[in-house]
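Here's a quick tour of one fold, meant to be read with the coordinates open.

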Amino acid sequence: MLCASPQLWPEPTGPYTFATATVPVRADGFSLRVTASPSRNVTKHLNDAFALMRNDIRALVKRDGKKESSIGTPYDIVIRVSVKGSADVRLRLNTDESYTLTLKRKSNLIADITAHSFCGARHGFETLSQLIWFDPYINSLLTLEAAMVEDAPRFHYRGFLLDTSRNYFPVPDLMRTIDAMAACKMNTFHWHISDSQSFPLRLKSVPQLAQYGAYGTGAVYTPDDIRAIVHRASLRGVRVLIEVDAPAHVGRAWAWGPSVGQGDLAFCIEAEPWQIFCGEPPCGQLNPLNPFVYELLERIYSEIIELTGVDDVFHIGGDEVSVSCWSRHLKGFNPMDLWLDFTRRAMLALNAANGGKLPELTLLWSSHLTRSPYLKKLNSNQVGIQIWGASKWRDSRAVLDAGFRSVISHVDAWYLDCGFGSWRDSSDGHCGPYKSWQQIYEHRPWKKNSGTWRIEGGAVCQWTEQLGPGGLDTRVWPRAAALAERLWSDRTQGAEKDVYIRLDTQRSRLLTRGVHAAPLWARWCSHNPHACL
């Protein structure tokens, strides 16, 4: 903490200064004073977020298992927070996440945090917590006797996608993941909640989807589960963006239409040979000519918005539509025209679900629909594109050059599932090799910005054909943390020595918070980093 560059992750974007002297502090010696707040809700959120921060600091002592002591009289820390700005505690696309933090010693230690939003103040809590550590040799918490940080993110959208359809992940795993995201100042949990394999989301408005589509009664997310996850995420400054992919990537969850007089809601469900109709089994694709499909989508979208409180950004999927499926079942129609029409009608359903207005940013996956000539038929003022294609693909750049608001998730840099081989044969899979944290960190696709690009940010993606709950932490962390600094700080430098040391320090923080992050190197290197670098 004292012998290298400031051990903050992500690195602040503004000026900062740190004292080189330390003072002991007590884990139970932290108190909060809200000196300015634009609403009662912001004040309550600040108090609840402070309680989480205090638990994170207590965990520093608990992890060592020794009784806290001190080399001198420990200081209490009084945290004074002033929020002068938004009265909305939700993270919005235009939320000002900047903050300033000053720490100084008087009779107690005084930490002043000023921000324009709850989210900004929460980031200030996070930075302050990173300036506190436990010294096992003296059995004491320590902090710097003075510090000053001015900070704000480079990009507004800093995301992590988790697929819970291929394999189900229990609620505590999702909570822990959100805590880890917040520790790295990531702000968007993109929840790819359904796919052709399963539909684990139990919706009151369309209960049949989970009844037909979930793996079992123990593999569902109830409305109460969603609310609990959203509440935890809100206290951590994270939005929960739930994606129900359509029109492709649907399965047996949609097979009940004929039994209730609504006709075929989907075609090609579990069709064989699957290679003709989808990218991986089982297949399934919504019926774009069935009006009941759009009524159901409106109900789904409305309930998702109500559960999450996120109404300014929405993801409707739109990936990997099978031309072969619709050609077989809907003869005489151009499948690409059907796809474009489906997208427009799905957005009408979203408009109705959102009280008569579209979200500010409605995201689609990059696909054949986002290529010429169909790209020109999409409205760049209404639609944003999450670009998953490789960074060197011409189609990936074409979306940016066309001026669409974009979220970058390049498969050749930011897919965490790559490099583990194919689950169905002995090949290397569709997206090898493995993406190291260094490769993730050094990927800066906006360097070649032509001047028309509108990049909102980016997201790493964890698809889960070959991943279950027991391996989630080590697969994701600390690699996702590398993206977190890239999107927050966007340093021009690559993975230099100080980055290794700071990321190793951040990994140790994640461990204290119960996140089983993978090691960067041998433990000897953590003790002797400069010898390894």
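How many bridges join S9 to strand S18 (residues 454-462)? The count is 6, and the two strands run parallel. Keep in mind that this is a predicted model.

**The sheet as a whole**
- There are 8 strands in an open sheet with parallel pairing, and the order reads S11-S10-S9-S18-S17-S16-S15-S14.
- The edges are strand S11 (239-244) and strand S14 (313-315), each of which pairs on one side only.
- Going from one strand to the next, the twist averages 30°.
- Helix H7 (residues 291-308) lies across S11 and S14, and its direction is at about 165° to that of S11.

- Strand S9 (residues 157-163) has 7 of its 7 residues buried, so the rest of the structure largely encloses it.
- In a regular strand, side chains alternate between the two faces of the sheet.
- Here both faces of S9 are covered: Tyr157, Gly159, Leu161 and Asp163 are buried on one side, with Arg158, Phe160 and Leu162 buried on the other.
- On the S18 side, Leu161 sits opposite Cys461.
- S9 also pairs with S10, again in the parallel sense, over 5 bridges; in that pairing Phe160 has Phe189 of S10 as its bridge partner.
- Follow the chain from S9 through helix H3 (residues 171-183) to S10 and you've traced a right-handed β-α-β unit.

- Strand S10 (residues 188-194) pairs with S11 in the parallel sense, over 6 bridges.
- One spot to look at in this pairing is Thr188, which stands opposite Arg239 in S11.

**Helix H9**
- Buried residues of H9 include Trp339, Phe342, Met347 and Leu350.
- The buried residues of H9 pack against strand S13 (285-286), H7, S14, helix H8 (323-329), strand S15 (361-365) and strand S16 (383-387).
- Just past H9, Gly355 adopts a positive phi of about 75°.

Notes: Residues are numbered from 1 along each chain as its sequence is written. This is a predicted model: local features need pLDDT of at least 70, side-chain atom pairs count only at pLDDT 80 or more; totals for chains, interfaces and linings use all residues. Side-chain values use heavy atoms; hydrogens and water are left out. Two strands pair if DSSP finds at least two bridges between them. Helices (H or I, at least four residues) and strands (E, at least two) are DSSP runs, numbered from the N terminus. Axes are lines fitted to C-alpha atoms, for helices over the stretch in contact, and angles run from 0 to 180 degrees between N-to-C directions. Contact means heavy atoms within 4.5 Å. Buried means under 20% relative accessible area, exposed over 50%, partly exposed in between (1.4 Å probe, protein chains only). A crossover is right-handed if, with the strands pointing away from the viewer, the path from the first strand over the helix to the second runs clockwise.
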